[in-house]
Amino acid sequence: MRFYISNTKAWAPGIENGLDSIANEKLSPKIEFTDPMFRRRFSQITKMTIQVVHDVIEEVPEAKDFKIIFSSFRGEIGREFSIDKMLIEDKSILPAAFSLSVFNTPIAAATIALKLKGGYSVIFPSKGNFRDALLSAAATVLSGDEKKILFAYADEKIPDEYRDTLGNYSSTAELLPLAFACILSSEKEEGSMEMDLGTLAETPVDFLRKAIQES
């Protein structure tokens, strides 16, 4: 079975400067199209997610009504670390900090910022398996439930405090902040990239490399 990917938009400064570079890992998009008071407390992953979803919709306005599926390996890992630290040091949690730390924060914020009403689902890929996350998202179009959906993936910079526990991953592209959004479709269109179940990308970096090469 096949499905098609188009209109891929990414925020991936590490890819622009070499996949093994982490010089730009703290960068976040400015999302200047949102209200300053609304965006000021957002994390890197939330800003990246808003930006890439916005960029797809700017190119394909009808995508504003598509159902959205969001996936992430780590979610709001920076905020989660801050909350853990707060619990240890202060024995309490600020409500505002907790409310922005949940796994669906990035895509929920994107739907609010961009006034999207198509609904969203979130996928946590077990053991960091991007292929399964992509296939789960594609199931919606493969089954015929939807002709098109908007798929978004994002992961932010891992806090430095976690680096020593990550073994061989500590110097690879998997630690780079990276986000992209694209349209998954059941029908081939001009400029779309064909995907079949036997050749799905194993990592988000591999996926983005292929999308860039074929765009």
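This is a predicted model: local features need pLDDT of at least 70, side-chain atom pairs count only at pLDDT 80 or more; totals for chains, interfaces and linings use all residues.
User: Why is Thr111 called buried?

Analyst: Buried means under 20% relative accessible area (1.4 Å probe, protein chains only). Thr111 comes in at 13% relative accessibility, so it counts as buried. Thr111 sits in helix H6 (residues 105-113), helices being DSSP runs of H or I with at least four residues.

User: What is Thr111 in contact with, leaving aside neighbours within four places in sequence?

Analyst: Contact means heavy atoms within 4.5 Å, and on that basis Thr111 touches Ile68, Leu116 and Tyr120. Tyr120 in E3 is also the bridge partner of Ile68.

User: What makes E2 and E3 a pair?

Analyst: Two strands pair if DSSP finds at least two bridges between them. Here 4 bridges join strand E2 (residues 67-71) to E3, and the two run parallel. The whole open sheet has 6 strands, in the order E3-E2-E4-E5-E1-E6, with mixed pairing. Strand E3 (120-123) and strand E6 (193-196) are the edge strands, each pairing on one side only.

User: And why does Gln44 count as buried?

Analyst: Gln44 has 11% relative accessibility, so it's buried by that cut-off. Gln44 belongs to helix H3 (residues 44-59), and its side chain reaches the backbone nitrogen of Lys157 at 2.8 Å.

Notes: Residues are numbered from 1 along each chain as its sequence is written. Side-chain values use heavy atoms; hydrogens and water are left out. Buried means under 20% relative accessible area, exposed over 50%, partly exposed in between (1.4 Å probe, protein chains only). A polar contact is a pair of N or O atoms within 3.5 Å; within protein, one must be able to donate a hydrogen and the other to accept it, and residues adjacent in sequence count only if both atoms are side-chain atoms.
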